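Here is a short tour for anyone meeting this structure for the first time. Have the sequence and the 3D view ready, and follow along section by section.

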Amino acid sequence: MAQFLLETVWLVPCYALIGGLLAVPWSPGIIRRTGPRPAGYVNLVMTFFAFVHAALSFPAAWNQLPYEVSIPWLSTAGLNLSIDLEISAVSVGAMVVIAGLNLLAQIYAIGYMEMDWGWGRFYSLLGLFEAGLCALALCNNLFFSYVILEMLTLGTYLLVGLWFSQPLVVTGARDAFLTKRVGDLFLLMGVLAIWPLAGTWNYTELANWAATANVNPTLLALVGLALVAGPMGKCAQFPLHLWLDEAMEGPVPSTILRNSVVVASGAWVLIKLQPVLSLSPIVSSAMVAIGAVTAVGASIIAIAQIDIKRCLSYSVSAYMGLVFIAVGTQQDEAALLLVLTHALAAALLTMSTGGIIWNSITQNVSQLGGLWSRRPMSGLAYIVGTLGLIGFPPLGSFWALLKLASGLWEIKPWLVGVVIVVNVLTAFSLTREFCLIFGGKPKQMSERSPEVHAPMAVPMMILFGIVLHLPLVLQSLSLLPSWASLNKDVALLLVWSTIFGCSISSVIYLSNIIPKPIRLPWQPVQDLIAYDFYTPKLYRMSIVLSVDLISKLADMVDRFVVDGIVNLVGLAFIGGGESLKYITSGQAQFYAFTVLLGVGVLGIFVSWPFWGNQFLTFMFQFG
């Protein structure tokens, strides 16, 4: 049975896609009598089937060699395109995580969007997301991975813009779409450029080609940088990180997926391309630099945010930056472990804070407080999510960060400092948010804020247990790094950095030693951090302004050149027709004269080059 399910595991994306399509009739209101809720239930059932199929297939894939399934798609002019799928323990495990988190997010959405009439549109887009992510996990072809990433970009735009009657939502959806399009454009260039070099888009064949490739280093660097630009946008790396911040305008249940597995889609492609990218030292150094700048910069910015969602979104960018560092230093196993542990902990944090957004008047953390006694389940979920995201033994991210830092200690010790700094800043930021929301005394905005109801509490508690028991699951699968192979000094640094970050933040935000709100001695520095290093302003002055100017230029060309030529030709014919109308006499000889005159004018026009040359020759000889 398990073997049969493994052989048909490629059907898992189809379950989600079918669920999304079945939810569509409720979106425009074709089905009205039942209300929109059946759209959610249909999608929930199909996602459950996808999760069960992937989960039952996983034991059969474990400790088995990966195998490929190739589906011919297009063959023309020497170009043979096929949909290549790789069935392996890693790809099946990725689908288990994706389908499982989507199932919990959909149950959570039943409670969160209880009174919302956009169920049909929302659940159909969730189905599209799940289908795209599962297909990306199976896909073993760079070209089709690009196509899937484009689908996910469109899905992000539609999902963020779900409540399109709100101006901020429309602006956020537009900005998120445009920012990701910048990276997608460069990625397309890289996808097209690597075909003449390698002659294939298959990831396995690309890795084999990279082992013996002899290509011009400059060309290889340019192609590699283009291929990195796409994952930069998907993983919200500087300077293409703004889309994740803007996407926080969407509903919280979609944010659960976005903060956990959607941002990891770029990391997945990056890990697949690692053998190719490692051919160029320039590309590897660029990935490390991008990851280090994003990890430290986003961690600093998160400390200055007052919106609940944005505090978490910058932490997501920071951890994806660590994934970039891992891939840039050829530590694929550490990168995959980081992606897994981060996805589960980030989803739990989003669920915990999503309940506060659901029944509170404000999302401003400075206006909340004292919720520990009123929302103990959400508080405990937040604590476990925080500890699961930072270097706190024995939870998941401790082992992932330790594996990464131990590998860096041997090759680039200064990057261990980056990992430690990010851990300190993330511990400080998440503890700060916990103290402001759950600590202290209740404020006016949080005096009446009861615990969430069952549809939101149940998936949160299930994920709570998964994050707590993740190390045991990893150990049972022999995926937990061996303690003997890890650096003990680095482990101590991680633990002490966690204690330091959490302690300093607790002292500042739970005591009255330092007056609140916190103000730095240097106002320009505080403004620089609070305003995201002014990257939104730079974005408006560059990307938005460029798109606006190009749009206006295209409009002027269309209006005055294209339409102008067409209108001129039309006016000429109208004028000619009107002129002929008044000179019509009804005599045949007059019509014959008109035809001959037209033929004569046309003949002169056609033969003008010949007569012009004759005239110039005559003038030269007798002039």
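Predicted model: local features only at pLDDT ≥ 70, side-chain atom pairs only at ≥ 80, totals over all residues.

## Buried charges

Aspartate 184 belongs to helix α7 (residues 167-198) and lysine 234 to helix α9 (residues 217-234), so to speak of the pair is to speak of a link between distant parts of the chain, 50 residues apart.

How many salt bridges are there? The count is four. Another one joins the side chains of glutamate 86 and lysine 272, at 3.1 Å from N to O. Here strand β2 (residues 79-87) provides glutamate 86 and helix α12 provides lysine 272, which puts the partners 186 residues apart. Glutamate 86 and lysine 272 are both buried. Aspartate 307 and arginine 310 also meet in a salt bridge, at 3.9 Å from N to O, and once again both aspartate 307 and arginine 310 are buried.

## The overall picture

Now step back and take in the whole protein. What is it built from? You'll find 24 helices and two strands. The C-alpha trace spans about 105 × 60 × 60 Å along its principal axes. Of the 623 residues, 51% are buried.

Serine 607 is part of helix α24 (residues 588-622). With a relative accessible area of 24%, serine 607 counts as partly exposed.

## Aromatic rings

A pair of aromatic rings is described by how far apart the centres are and by the angle between the planes. This protein has 13 aromatic pairs. In one of them, tryptophan 372 and phenylalanine 434 have ring centres 6.0 Å apart and planes at 70 degrees, which makes the pair edge-to-face, because planes over 60 degrees apart count that way. Tryptophan 372 lies in the loop between α16 (332-359) and α17 (376-389), while phenylalanine 434 is in helix α19 (residues 413-438), so this pair ties together parts that are 62 residues apart in sequence.

Phenylalanine 434 also pairs with tyrosine 382, and this time the rings are stacked, at 5.9 Å centre to centre and 25 degrees between the planes. Tyrosine 382 lies in helix α17 and phenylalanine 434 in helix α19, so the pair ties together parts 52 residues apart in sequence. Elsewhere, Phe143, Phe144, Trp195 and Trp201 form one aromatic cluster.

## Pocket and cavities

Several helices contribute at least two lining residues each, among them α3 (37-61), α5 (119-138) and α20 (454-476). The largest share comes from α4, with 11 residues.

There are also four cavities of 30 Å³ or more in the whole structure. The largest cavity holds about 50 Å³ of space. Its lining includes Asn259, His342, Thr350 and Leu389. Helices α15 (308-328) and α16 each give at least two residues to that lining, and α16 has the largest share, with four residues.

## A nonpolar patch

Finally, have a look at the surface. Nine names to find here: Leu553, Met556, Val557, Phe560, Val561, Val562, Ile565, Val566 and Val569 form a nonpolar patch with about 830 Å² of accessible area together. One of these residues, valine 562, is found in helix α23 (residues 535-582). Valine 562 is partly exposed, with a relative accessible area of 42%.

Methods:
Residues numbered from 1 in each chain as written. Heavy atoms only, no water. Phe/Tyr/Trp six-rings, centres within 6.5 Å; stacked < 30°, edge-to-face > 60°. Patch = residues over 30% accessible without salt bridge, like charges linked within 9 Å, V, L, I, M, F, W, Y side chains within 5 Å. Areas by Shrake-Rupley, 256 points an atom, 1.4 Å probe, with all protein chains shown as cover. Buried < 20%, exposed > 50% of the residue type's maximum accessible area, 1.4 Å probe, protein only. 1 Å grid on protein atoms, 1.4 Å probe; cavity = no way out; pocket = protein on both sides within 12 Å on 5 of 7 lines; lining within 4 Å. Points joined across faces, edges and corners; volume = space filled by probe spheres on them.
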